[in-house]
Amino acid sequence: MQFRTSGPEKSWFVFVISVLLFSALLSGCSSRAQVVPTPVPENLGLDIPVLIGTTRARDSDGLWSPTKRDILNFARIDVSVPPVRRPGQIKLPGKTTDPSTDFLTRQVVYFDGKPSFRSAIRQRLREPGQAGREVIVTVHGFNNTMGDGVYRTAQMMRDLSITGVVVHYSWPSIGDPLGYAADRDSVLIARDGLEQLFVELRKAGAQRIVVVAHSMGSQLTMETLRQMAIRGNDDVLSHINGVVLMSPDLDVALFRSQAEAIGKLPQPFIIFVSKRDPVLALSARLTGQPNRLGNTQQIEDVAGLEVTIIDLSDASDAESAHSAALSSPSVLKVLEQATTSVRRALQTDPTGRTGIFPGSVLVAQEATAVILAPVSVIGRSIN
C-alpha cells in the first residue's frame with residue numbers, strides 16, 4: 001500500500017506522524033510511578049527521604065492532581081529503593097509487587113505550611129556532614145507524574161551517593177505524551193513557585209543551592225533565574241551556586257537570551273547533551289528548529305557563555321539517550337566518583353585540563369567542553 005500526499009495535506013500528514021512518533025518515544029522513556037504508600041519490610045532496600053515543593057493541587061484522596069494548580073505546598077516522600085537493581089534503573093510494580101526489585105513509596109508526610117517546611121530543612125542542614133549547608137533542587141521535565149520525578153530523584157541520590165539535603169520541585173505536568181503544548185504553558189506558570197521555593201530554602205538557612213533540571217525543566221529553571229535577575233532578587237540568586245541542565249529541551253537562541261538577561265551565570269553551569277537524543281530531535285522538528293540545546297551539534301552555540309558541555313553521545317548503556325546522565329551505569333560511576341571533584345576542578349583549573357573524566361577538556365572562547373566521546377568528534381566543530 002502506498003500513501004501519496006501533496007501540498008497542505010502532506011504537511012499535515014508529516015506533522016501527525018511526527019506527533020505519534022514523539023508520543024511513542026516519550027511514553028517509552030517515561031515511567032508511570034505513583035506515590036501510594038505500600039508496605040515494605042523494614043530491613044529491605046534503602047529508604048530515601050525526598051522533600052517536595054510543588055504547585056500541584058491535592059485531590060480529595062490526598063494524591064496530587066496532574067492538571068490542577070495550587071499555591072506552593074510541601075511534603076516528604078520516603079522512597080524504598082530496592083536492593084536488586086543496576087545503577088540508573090527504576091523498576092515499577094506490575095501486576096505484582098516485589099519490594100526487592102521495585103521502587104515503592106513507604107510513606108508520605110504533608111507539611112502544614114511554609115514554617116514547618118523551613119523547620120524540616122533547617123533541621124536537615126544541622127545534621128552531621130552538612131557543614132556547607134547546601135541544598136540540591138531537582139526539577140523534572142515534560143510528561144512526568146509526581147511519582148516519576150520523585151523516584152528519579154531518589155534514584156539519583158542513591159546512585160550518586162548523595163547524603164545531603166535534596167528537594168524535588170514538582171510542577172503540574174499533565175503526564176501525557178500528547179500534552180507537550182500544555183506542559184510548555186505550565187512551565188511558565190510554575191516560575192513563581194520555583195522562585196518561592198528558592199526563597200524558602202534561603203530563609204531556612206541554605207547557603208548554597210544547586211539546581212539539577214531535566215528536559216523541559218531546564219526551560220523552567222532558566223526562566224526562573226531570568227525572572228529573579230529582572231526582579232532584582234539578588235540575595236537568593238547569589239546563593240544559587242551551581243546549575244546542571246540534563247538533555248535541556250530548550251531553544252538555543254532562547255537559552256542565550258536568558259543567559260544574557262541573568263548576567264553572571266551560577267558556577268559551575270553544566271549542560272549534558274547527546275547528539276543521539278531522539279526525543280530532542282523530534283522536539284526540534286515540532287518546533288521548527290534545527291536542534292535543541294540538549295542535542296546541539298555546534299559548541300559555538302554557547303561560545304562566549306561560561307558554561308560546561310558534557311557530551312554523552314557515546315553513552316550506549318543508558319536506558320534512554322534522553323536520560324543518559326542518570327540512567328547510564330558507566331556515566332553514573334564517573335559522576336559518583338567525581339561529583340565534588342568536578343565542581344572544584346572546573347572552578348579552579350585555569351588551564352581547562354583535568355583528569356577527572358575519561359576524555360579531554362577543550363575550550364572554545366569561554367565555553368568548556370568536557371567530553372566522554374572521542375575528542376575528534378567535537379574538535380572538528382570547534383576548529
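This is a predicted model: local features need pLDDT of at least 70, side-chain atom pairs count only at pLDDT 80 or more; totals for chains, interfaces and linings use all residues.
Q: Which residues meet where α5 and α6 are in contact?
A: From α5 come R191, D192, L194, E195 and F198. On the α6 side they meet L220, T221, E223, T224, Q227, M228 and R231. The residues of this contact comprise 5 charged, 4 nonpolar and 3 polar.

Q: Which way do residues three or four places apart in an α-helix point?
A: They point the same way, because an α-helix has 3.6 residues a turn. For a helix to look at, take α9 (residues 278-287), where the buried residues are V279, L280, L282, S283 and A284.

Q: What follows α9?
A: The residue after α9 is G288, and its phi is positive, near 75 degrees.

Q: How is a pair of aromatic rings described?
A: The description uses the distance of the ring centres and the angle of the planes. In this model the count comes to 5 aromatic pairs. One of them is the pair of F74 and F117, which is stacked, with 4.1 Å from centre to centre and 15 degrees between the planes.

Q: Where in the chain do F74 and F117 lie?
A: F74 is in strand β2 (residues 64-81) and F117 is in helix α2 (residues 114-125). The two are 43 residues apart, and their pair links distant parts of the chain. Both F74 and F117 are buried.

Q: What kind of pair do F255 and F269 form?
A: Theirs is a tilted pair, with centres 6.0 Å apart and planes at 50 degrees. F255 belongs to helix α8 (residues 252-262) and F269 to strand β8 (residues 269-273), so this pair ties together parts 14 residues apart in sequence.

Q: Are F255 and F269 buried or exposed?
A: Buried means under 20% relative accessible area. F255 has 0% relative accessibility and so counts as buried. F269, also at 0%, counts as buried too.

Q: Which rings are linked into a cluster?
A: Ring pairs join F74, F111 and F117 into a cluster.

Conventions: Residues are numbered from 1 along each chain as its sequence is written. Side-chain values use heavy atoms; hydrogens and water are left out. Contact means heavy atoms within 4.5 Å. Helices (H or I, at least four residues) and strands (E, at least two) are DSSP runs, numbered from the N terminus. Ala, Val, Leu, Ile, Met, Phe, Trp, Tyr, Cys and Pro count as nonpolar, Asp, Glu, Lys and Arg as charged, and the others, Gly among them, as polar. Buried means under 20% relative accessible area, exposed over 50%, partly exposed in between (1.4 Å probe, protein chains only). Rings of Phe, Tyr and Trp (its six-membered ring) pair if their centres lie within 6.5 Å; planes under 30 degrees apart count as stacked, over 60 as edge-to-face and the rest as tilted.
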